[in-house]
4 protein chains.
Amino acid sequence: MNFASDNAYGAWPEIVAAIAAAASGAVPSYGDDALTQKIRNRLCDLFACDLAVFPVISGTAANALALATLVPPHGAVVCHREAHIAVDECGAPEFFTHGAKLIALEGEGAKLAPDGVERALAHFQKGFVHHVQPMALSITQSTELGTVYTADETKALSALAHAHGMKVHMDGARFANALCRMGCTPAEATWQAGIDVLSFGATKNGALGAEAVIFFHPEDAGDFEYRRKKAGHLISKMRFVSAQLDAYLTGDRWLVRAGRANALARRLADGLGRIAGVEIAYPVEANAVFAWLPDAIAAGLRAKGAVFYDWGPPQGGRTLVRLVASFATPEEDVDRLLAAANG
Amino acid sequence: MNFASDNAYGAWPEIVAAIAAAASGAVPSYGDDALTQKIRNRLCDLFACDLAVFPVISGTAANALALATLVPPHGAVVCHREAHIAVDECGAPEFFTHGAKLIALEGEGAKLAPDGVERALAHFQKGFVHHVQPMALSITQSTELGTVYTADETKALSALAHAHGMKVHMDGARFANALCRMGCTPAEATWQAGIDVLSFGATKNGALGAEAVIFFHPEDAGDFEYRRKKAGHLISKMRFVSAQLDAYLTGDRWLVRAGRANALARRLADGLGRIAGVEIAYPVEANAVFAWLPDAIAAGLRAKGAVFYDWGPPQGGRTLVRLVASFATPEEDVDRLLAAANG
Amino acid sequence: MNFASDNAYGAWPEIVAAIAAAASGAVPSYGDDALTQKIRNRLCDLFACDLAVFPVISGTAANALALATLVPPHGAVVCHREAHIAVDECGAPEFFTHGAKLIALEGEGAKLAPDGVERALAHFQKGFVHHVQPMALSITQSTELGTVYTADETKALSALAHAHGMKVHMDGARFANALCRMGCTPAEATWQAGIDVLSFGATKNGALGAEAVIFFHPEDAGDFEYRRKKAGHLISKMRFVSAQLDAYLTGDRWLVRAGRANALARRLADGLGRIAGVEIAYPVEANAVFAWLPDAIAAGLRAKGAVFYDWGPPQGGRTLVRLVASFATPEEDVDRLLAAANG
Amino acid sequence: MNFASDNAYGAWPEIVAAIAAAASGAVPSYGDDALTQKIRNRLCDLFACDLAVFPVISGTAANALALATLVPPHGAVVCHREAHIAVDECGAPEFFTHGAKLIALEGEGAKLAPDGVERALAHFQKGFVHHVQPMALSITQSTELGTVYTADETKALSALAHAHGMKVHMDGARFANALCRMGCTPAEATWQAGIDVLSFGATKNGALGAEAVIFFHPEDAGDFEYRRKKAGHLISKMRFVSAQLDAYLTGDRWLVRAGRANALARRLADGLGRIAGVEIAYPVEANAVFAWLPDAIAAGLRAKGAVFYDWGPPQGGRTLVRLVASFATPEEDVDRLLAAANG
């Protein structure tokens, strides 16, 4: 019963098969191979636009490289204070941007709200040399608390950011989970809603380690390639990253499996919500459930082998916990967990 | 006939199988899994010593993270001017060290020589605040020109570096190829010869993307883990990197296959060396051949489909080229290339 | 009527005279001169302890160099969200630390409070590689809102920081103004209250550009000298910085003049506070007055030539403004401003 | 008899007087004062062109900020291997550029030669992501070995650099000394010879600490202002830096005094050159003399109180030494040194 994270699970058989298929023969290295070119075409089709795409092997690398391309050392990135880039990357954005600042804001359900952003920006004077200059806004989709921005919410934030001369980044480590919820096209969820650059994640939804940084305006990519190389993220045998993305994007498996994870989370939330003393903390819109569990229940679950994270210290006899479902979480684990919680 | 680089070839079937075997089930992420622990034990056994080991996915990351751990921003790294870290990493060591300097020296066959190092160090005054402070010496084994340091040569350089208070790093992207040539134990080739930290490469010899940074004195590892995370190189599904290394180190396949590559390079050199006008430029001690080819021969080879790099501009009707053999280079490609060159 | 900042005023005649006296003859450069040595002795006497001291020419340099010496790139600095280092240095601490993070907290009157710090630290897990590691706490004395920490308040914060393994930095750009208020010895205000490193400012109180970074535990100074050099802050003709500090510290002029500035601020606050519709926003404990002025009054003051900063946008017909008095602010300017405000 | 460096001497009385004159009253800080504006106008007149100018307080800051504005982290700077930026700034250019590389070349008399530059550039493939990209060429005028580029030599290097898409920087820490030698206008020595940005030094020729970074194409200045602020080099009381530059540039004192230093160096060289066993190592074209002194003579000079630097270790009974004359070196010190050398 592992609900610690979607990255606790392995990889799709189809992705493993794609790696095996790509393993023989000699091809150009560093991304000059046919598979990497194919990925670009696939993503152009998927997003229905021209784009520049750069495969990397970790979400932290994707986010930090994307932001460093948009934001100079004297710049700043507006994000939520729960954002992965702010909390869980040990300062990677600061490293890659050579010291730009994250402006971390509050906001319900780990979502930025336009008025909060507007208020925050009022503190930074444009062109005033003593202040860092906000140059990008970054949102996570789905968020770190399992919620999802609607296309309209995204659009409102993007419009605000663009009005301030900022670019908009989406950390899509769980983009598939968000898209399932949104029920719109990838284009509608991103560039049509004003997103300039997307960290398109595949790892959490079943790749070994494969993410694509996608610039919807290729001219924004600037010196991304040099930054990627300099950071040790230009993989020599790039075919193996591209093979993962190719299998990932074949058909609609990526959405079916993310949808399955979302449904499991939904079922988990429904079941837990019915237990006395349990409170579901945030709308369950993707594949993560945040629940206040009475400490006795939490302890009982762990005693029976459930693995999950506390999301903060205990408060008054209960603790906020996070339970994440993945493409590969066994259905019976959800049932077992609910049974254990019930008693 | 692809002799461009050993990284133009794919991956061992055993490594692909190991990835497949590791693909199911839930395990702790970020390296807290059993496979990653197993790798550490394997390497302790292999090198016959205690050590700290950190898997990463690229050689550039391995080198740059290792050097950044040893060398502060006001420090310097002594290396050969042909060194991969100096020439082919787009300044990754400078990025990871936050601006330390590489002191790039001449030296026969891409090998540093103690007297050259001694002369260079004389220019840097210890504790003199205007000068960067040399803190590490880095050698490549096998070198960028296909030569190999003997254990005694390594020892002499290490002793000199240590006498100056410097640590010693070995870029072992082709460590297997070097070890085959040396005919000694991994321990003799490294820590017993004074190496403090090794970038142990598996990618070029048949992994998808797997290298291990090995500190022979675990206390030297310092804040490596934070640096790795901050650089986006702490892979969430670490099991897949460790699985590669595990398969790589099972039995002596890694040496057998590196030895095969060396033998192919040897055969290539012998064959080319017999052709009028061709000159083998450096001792062929690992899996790379550097040869001066008359321009007509080089053009003829390429017309027949041979792929290889020029190593500098043409000079007086001939060009220095590099031909690299790998674990998977077909033997008949060597024969075909020689036939084409002869004809 | 310039109340924009204390740095709008020039320099003491005694400091100019000291520069003139130091201008002739040849002396060792880069701080190996007798005057620089004398400064060290003066400060040892003043603070009644051994210390390491490094003169620099700007407060931003002093703060950023001090913090970079204490905090690695994966570290973090706890400070108030109004702190100069957080707001007004364009990210200098991030630049000098190579990307460490500032954890900016709320707190009454721009002062950190132990419970707020404790709560913030709870979010950062010690040794957890995904989180930046808080390594220093920085307080400003006097604060950016013109308040002053008592020695006991300082002590409580230091004790908390030390208990978490953090060092404590004091941004003393207005240390003289704070000390006048505290009525204690420099030692009591700093190292005896747990301060590890102090940016001792002289510029705002009458030097041309002279600050001293003081490490109360000389072993903490680490590689400060290399950092200072590498940042272009090791002045060749250091005698001229030291001459300023020497004149500054001769007798008790530095305290008398800071006390005068404080008294003017006090008088300003008393006068303004009596005007209908004006509200003094924070306790006036040093040389700055923060007042809510009805917009008509503010406009009237400016029309009559008063210079001062708004501290945020207008709110409901009034605006928070900052008025700073300096060592050289003419007394009659205070009278004229009050007359104008009444008027 | 101090010939250690021109920065061992103090400051002109006129500069001290200018500081005294600037010391009273309130003016805008951070460079928005009238004196700083006046400097800009003075320099426009002097160089007979439009320009962007930024005063700073050290030559290292001037050079490193200028280069960081021209060169991204994946870029490189071509310079001489004796260049101050390469040898004596503890890696400041690498710090400010966030890790760009210096490509340090040989060249007679510390001067770069076009063919050497051309050869070096051939090693860097344009747009090849594995290689750092040369983006600037930096020359020192006068050089670290006391020689001076002619305007034609400068022009040839600039043309070559521009043809490769690189900008050209001149480290003019001793620009006045060079100009005296060249006998041309400031414009002819700089932008008319292809210089894009100049570190215009005043410190070594008699300021306390004042340099001006001059961009001859103001659009090249880019984000210089943010970089300067972030580095702690935006001085609050900028009037005091500008006052130095204003006095420095009044009339032709700056050239008269640099010319005096050059003449003293000339006299020193002539005198030493006549002594048996002494060899003048490089053409004495500015204010520094490099001479091979028999060790007995060097020891004798030091015994009699002469101060100067060795420029490398002794070789066969003699040592290369550097003797620098300044605006304030007493003439009799030259006579006394020659007398002492003659025995």
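Is B:Glu285 buried or exposed? With a relative accessible area of 14%, B:Glu285 is buried (buried means under 20% relative accessible area, exposed over 50%, and partly exposed in between, using a 1.4 Å probe and protein chains only).

Before going on, a word on what you're looking at. This is a predicted model, where local features need pLDDT of at least 70 and side-chain atom pairs count only at pLDDT 80 or more, while totals for chains, interfaces and linings use all residues. Residues are numbered from 1 along each chain as its sequence is written, chains are lettered from A and ligands numbered from 1 in the order in which they are written, and side-chain values use heavy atoms, with hydrogens and water left out.

Back to B:Glu285, which pairs up with B:Arg181 in a salt bridge, their closest N and O atoms 3.6 Å apart (a salt bridge is a side-chain nitrogen of Lys or Arg within 4 Å of a carboxyl oxygen of Asp or Glu). B:Arg181 sits in helix H8 (residues 175–182) of chain B and B:Glu285 in the loop between strands E8 (279–280) and E9 (288–294), so the pair ties together parts 104 residues apart in sequence. Helices (H or I, at least four residues) and strands (E, at least two) are DSSP runs, numbered from the N terminus. B:Arg181 itself is partly exposed, at 45%.

Now hop over to chain C, where C:Glu14 forms a salt bridge with C:Arg257, with 2.7 Å between the closest N and O atoms. This pair links helix H1 (residues 13–22) to helix H12 (residues 253–273), 243 residues apart. C:Glu14 is partly exposed, at 24% relative accessibility.

Over the whole structure, a search of all chains turns up 70 salt bridges.
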